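Here is a brief report on helix packing and pocket lining. Have the sequence and the 3D view open while reading.

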Amino acid sequence: RTWKDAHRCLLQNGCDADLCTAKWVRHHWSLIVWTLCCIERRFAWKLGGLYVNFKHVLQRLKYRYEWELNLARPSTLKKIYRHDLSSSVLMVLAVSRIMYCSSGGSDKNRAW
């Protein structure tokens, strides 16, 4: 099963199509799968092969949908970006990609 199946399930279960976009689902799908894989790997002796499954990923997607979109509770990074939260708050971040640009590139594509 893929993020497309999850998107379809979310819409069939009453999620607002304007809020629960394919782009949003695809982004959060990858983060959730990555997180669950890390947890399963760390606790392989107990969770090995049982933790990362479609039902669990869909459950986490529904939770994020409710939390971020329905209840309008932004992520920590969004709060920091909007200056609603201090950047000194403790958090764990994972780097998924580093983007480089040429010296003449615009700030829009620059990796900070």
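## Model

This is a predicted model. Helix α1 spans residues 3-12 and helix α4 spans residues 54-70. Helix α2 covers 22-42, and α5 covers 76-81.

## α1 against α4

Helices α1 and α4 pack at about 55 degrees, and their axes lie 10 Å apart. That angle makes α1 oblique to α4. The crossing of the two helices is right-handed.

On the α1 side, the contact uses Asp5, Ala6, Cys9 and Leu10. They meet Phe54, Leu58, Leu61 and Lys62 of α4. By class, the contact of α1 with α4 has 6 nonpolar residues, 2 charged and no polar ones.

## α1 against α2

The axes of α1 and α2 come within 9 Å. They cross at roughly 125 degrees, so α1 and α2 are oblique to each other. This crossing, too, is right-handed.

Helix α1 contributes Trp3, Ala6, His7 and Leu10 to the contact. From α2 come Ala22, Val25, Arg26 and Trp29. The contact of α1 with α2 divides into 6 nonpolar residues, 1 polar and 1 charged.

## α2 against α4

Helices α2 and α4 pack at an angle of about 125 degrees, with 10 Å between their axes. The pair is therefore oblique. α2 passes α4 in a right-handed crossing.

From α2, the contact takes in Trp24, Val25, His28, Trp29, Leu31, Ile32, Val33, Thr35, Leu36 and Ile39. Facing them in α4 are Phe54, His56, Val57, Arg60, Leu61, Arg64, Tyr65, Glu68 and Leu69. The residues of this contact of α2 with α4 comprise 13 nonpolar, 3 polar and 3 charged.

## The largest pocket

How much space lies in the largest pocket? The volume is about 1,100 Å³. Its lining consists of 24 residues. Nearest the centre of the pocket lie His27, Leu31, Arg64, Leu77 and Leu93.

Helices α2, α4 and α5 are the elements that give two or more residues each to the lining. Which of the elements gives the most? It is α2, with 7 residues. By class, the lining holds 12 nonpolar, 7 polar and 5 charged residues.

Notes: Residues numbered from 1 in each chain as written. Predicted model: local features only at pLDDT ≥ 70, side-chain atom pairs only at ≥ 80, totals over all residues. Heavy atoms only, no water. Axes fitted to C-alpha atoms, helices over the stretch in contact; angles between N-to-C directions. Helix = DSSP H or I, 4+ residues; strand = E, 2+ residues; numbered from the N terminus. Parallel < 35°, antiparallel > 145°, perpendicular 65-115°, else oblique. Left-handed = near helix turned anticlockwise from the far one by under 90°. Contact = heavy atoms within 4.5 Å. Nonpolar A, V, L, I, M, F, W, Y, C, P; charged D, E, K, R; others polar. 1 Å grid on protein atoms, 1.4 Å probe; cavity = no way out; pocket = protein on both sides within 12 Å on 5 of 7 lines; lining within 4 Å. Points joined across faces, edges and corners; volume = space filled by probe spheres on them.
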